[in-house]
Amino acid sequence: MDLAYQILVKPFSDMVSAPDFLMQVLWDGLVSGVLYALIALGFVLIFKSSRIFNFAQGIMVVFAALTLVGFYQAGVPAWLAVLLTLAVMFVLAVAIERVVLRPLVNQPDIILFMATIGITYFLVGFGEFVFGGENKVMITEQLHIPTGTFEFKPFGGFVSISQTDLTAVIGAGILVTVLLVFLSRTKIGRAIRALGDDHQAALSVGISLSMIWVIVWFIAGIIALATGIVWGARAGVSFALEVIAYKALPVLMLGGLESVLGAIVGGLAIGIFEKLFEIYWGQPLLGGNTETWFAFVFALIVLLFRPQGMFGEKIIERV
Amino acid sequence: MRLFGKFALVGAAMAVSTALAIPASLAEDSLYLPNLAYRTGPFAATGIPLMDGQRDYIAMLNARDGGLNGVKLNYDECETGYNTEKGVECYEKTKDKALVTQPWSTGITLQVLPKSNVDKIPILAPGYGFSPMAEGKIFQWAFNPPASYWDGASMILKYISGGNLDSLKGKKIVLLHLDAPYGKEPIPLFEDMAKKHGFTFLAIPVGVKEMQNQSAQWLQIRREKPDYVLMWGWGAMNAGAASEAVKTHFPMDHFIGIWWSGHDGDMKTVGEGGKGYKSISWSVPVSDAPVMQDIKKYVLDAKVNTIGEGEFDWVFYQRGVLISMFLTEGIKTAQEHFNAKVITPEQLRWGLENLNFDEARIKALGADGMIAPFKTTCADHAGHAGGWILQWDGSKFVKASDLLTADRDAIVPLEQAKAKEYAEANKPWPTNDECKM
C-alpha cells in the first residue's frame, strides 16, 4: 500500500507542491533532450544517406571541439577558428570518402560499420597526437555565448536558466530548422533523401554517390562542432566528450535511424521523461542514477509496439 | 659435420631463448617499474599530469644520480585507458619482469589484488584502491600510502565539524560519487559515522555517461538541501559538478572533494565560478622545493621530457612526483637492508613495509612542505599521513587549513572487519603471520 502511494500518489503531489521545482526539472529535461537530439542527428544523417551506422560520431564531436580550441590557442581569432574548424571537418569528410568509403562501395553494411570503428580509433590517436589528452576550456565567451543565468521566482521558489543552455536550445533549434529546409527544399537535400530511399535508383538518375557522402559527412561534422561547443561549455573539452555519443543510442532506437524528426522528438522525449522519472521515481525509490538505463527501457517498450521506432520506416524486403 | 651443425644450431637457439628468459631487470642491471597508466580515454585529462609527474621523477633520478645506488630505473607505461579489462591485460603482460604493480584504478586494483598473493608482486596504490588494504597482515602485497580513502573521508568530516563530529548531529551530508568502485569506496565509513554521530548521509551516484550532464543529481541536491556536499569524482565529473553547483547556487565552500577531485585542469574549465571549492589533499604543490627544481633542471629544461603549459605547478603533477618517490624510497630501503643493488619484488615488499618519511627524510629528499610525515610497517601498509584542505581561488589551489589527521580509532575497527570479511570471502587467503605488530 505504501509502495503504491510512493509510486502513484507522492510523485504527483510533489510536483504540485513545488511547481517551481517541476518547472526546473522540465527545463533541464528539455535542455538534455535538445543535446541528445543534436548528437542523434549526426547519426541519422549519415545512416539516411548511406545506411552506415557511424560509430565515429562521438569522436567527431571531440575532434571538432579540440580543433576549434586548438586553433584559438594557436592565436587564431575565435570566429576565424570556427571557419577553419569547419574547413578541417570538410577535409576530414573528403578523406573519409576517398580513403574509407569509396573502396568499400557495395560491401555489406557491417563492413562499413566496422570501418567507422576504424575511423574512431584513428581519430582518437590522431587527436591525442595533435592536441594531447588534457582538459581544455571551451572558448565560450570568445564566441560571445552568454554565460550568466536568468532567474525567475515563480510560486515563491526559483527557476534558474543558464544562458549557455538557452543559447544551446536556440542554436540547436536554428540548426535543425536549416537542416530540415536543406533536406526538403534543395536539390542536394533531395538527392540525399533519394540515396536514402534507394541507392541504385538514385545512381541511375545521375546522383553522385561520392559527392553526397562528402556533403553528408561534412554536415555531420558541422553538427559535431555544434555539439562539441555546447557540451564543451558545460564541463570542458576532453576525450570524455566521446561517451556522450552513447546517449544518442536510445534516441535512435526510439526515433528510428532514418528520421530527422524522430531524432528530434526522440531526443526531447527521452530528455524530459528520463529527468522526470529520475527526480520523482528513481531517486526516492531506486537510489537514483536511473538515467543510465531509463532511456533504453523506454525505447525498448516503444520497440515492442513499433519495431521500426516511432518515426522509422517499415522496411519490407522481398526474399 | 652436418650433425654438429644441427647441435650448434640447437645450442645457439637455447642460448638465445635463455638470454630472453632472463628478467630484464637482471640482464641490464636495471629495475623494471611498469605503470598501468591512462593517457587516453575519458579520464586522460586527469591521468596525464599524474603520469607525467611519476615519469619525470624517475627520469630525474636517472639523470641526476644515475638511478638508485647505481642501478638504472626502467620506467615503462602500459596504457589502460582506465579500463579494468585492459588493466588486467597490462598486469599479465608486465608481471614476469615487474618489480611492482601500479594499477591506477580501484577497479583494476580489486582485480589484481588476489593475483598478488600468487605472483608475489607488491601493488602500490597511493591514496587509492580498497581502503582496508592498509591492513598489512591480511593484504601482504598491497600498499596504499600515505592515506586511504577512509582516512580522507575522516579528515573531511573532522574539518567540517571543527574537530567535534558530534556537532554534525541533525545535519545532512551528501556524497556525490562516480558510480564505480572508486566512488563507492567511502560509503561504508560515512554510513558508520552517520550512525555514530547522528547526521543524515545520502549517496548520490553519477554514471560515467552522465559526468558532463549532472543536472538530475544537482536537482536532487537542491531538493534535499544538504549542509555539505562531498565529492568522490574523477575526470570530467569534477568540472561537471562544479558547473552545476554554480548553477544551483550551492555554497562553494560547503562543497569538498577527495584528493582526486582537486585537479587544476578540471577547475580551470570552471574558473572564477568555482572559487571557494575545496578538496582534501595529502600533497601540497611547492614548485620551488629542491626536488621540483631538480626535475625542472634535469628533465624539463634538458628536454628529456615535456609537459603541458602550467602543469609543473599543478597539484596532480607534483602528486605524481611524490608517488614515484614512495616507490623509489621503498626500493632504496630494500637495497640497503638486503645489501643488493638489483632487488626482487619480495625484497621491495619489505622496503615498502619500512618506509620512513619523517621530517628529516622528507627534507633530505627535497620535498619539504609537500607531504606530511608518515611511516609504514608490516601491519600498516598506508602510514595514514595527514592532509590539508586546498581551496580553489579561481586560478589555482591554495592551502586553506592546518594539517588534518584521520580519526584512526574510529576507522581501525571497520578496516579490520572489512579486511577479514574480504579474506573470508576469498578463502584460502594467505595472511602474514610473521608480522608481530
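In this predicted model, helix 6 (residues 149-160) and helix 8 (residues 187-197) of chain B pack with their axes 9 Å apart and at an angle of about 40°. The crossing of helix 6 of chain B past helix 8 of chain B is right-handed. On the side of helix 6 of chain B, the contact is made by B:Trp150, B:Ala153, B:Ser154 and B:Leu157; their partners in helix 8 of chain B are B:Leu189, B:Phe190 and B:Met193.

Turning to the domains, the assignment for chain B gives domain 1 (26-148 + 286-385 + 413-425) and domain 2 (150-284 + 390-410). Taken over C-alpha atoms, the centres of domain 1 and domain 2 of chain B are separated by 26 Å. Where the two domains of chain B meet, 31 residues of domain 1 are in contact with 28 residues of domain 2. On the domain 1 side of this contact, two or more residues each come from helix 3 (44-65), helix 5 (106-119), helix 13 (315-338) and helix 16 (408-425) of chain B. Helix 13 of chain B gives the largest share of that side, with 5 residues.

Helix 13 of chain B also takes part in the packing around helix 14 (residues 345-352) of chain B, whose buried residues rest against helix 13 as well as strand 3 (123-124) and strand 4 (142-143) of chain B. The buried residues of helix 14 of chain B are B:Gln347, B:Leu348, B:Arg349, B:Gly351 and B:Leu352.

The largest nonpolar core holds 231 residues, and the members that touch the most others are A:Ala37, A:Ala40, A:Ala65 and A:Val216. Helix 9 (residues 209-235) of chain A supplies the largest share of this core, 17 residues. Because domain 1 (26-148 + 286-385 + 413-425) and domain 2 (150-284 + 390-410) of chain B both give residues to the core, it lies between them. For a closer look at one of these members, A:Ala40 touches A:Ala248, A:Val251, A:Leu252, A:Gly255, A:Ala263, A:Gly266 and A:Gly267, leaving aside residues up to four places away in sequence.

As for confidence, chain A has a mean pLDDT of 89, with 97% of its residues at 70 or more. Among the elements of chain A, the highest mean pLDDT, 96, belongs to helix 4 (residues 78-101), and the lowest, 82, to helix 8 (residues 199-204) of chain A.

Key:
Residues numbered from 1 in each chain as written. Chains lettered and ligands numbered in written order. Predicted model: local features only at pLDDT ≥ 70, side-chain atom pairs only at ≥ 80, totals over all residues. pLDDT = per-residue confidence, 0-100. Helix = DSSP H or I, 4+ residues; strand = E, 2+ residues; numbered from the N terminus. Core = buried A, V, L, I, M, F, W, Y, C linked by C-beta atoms within 7 Å. Buried ≥ 20, exposed ≤ 12 C-beta atoms within 10 Å, placed from the backbone. Domains from an automatic or database assignment. Contact = placed C-beta atoms within 7 Å. Axes fitted to C-alpha atoms, helices over the stretch in contact; angles between N-to-C directions. Left-handed = near helix turned anticlockwise from the far one by under 90°.
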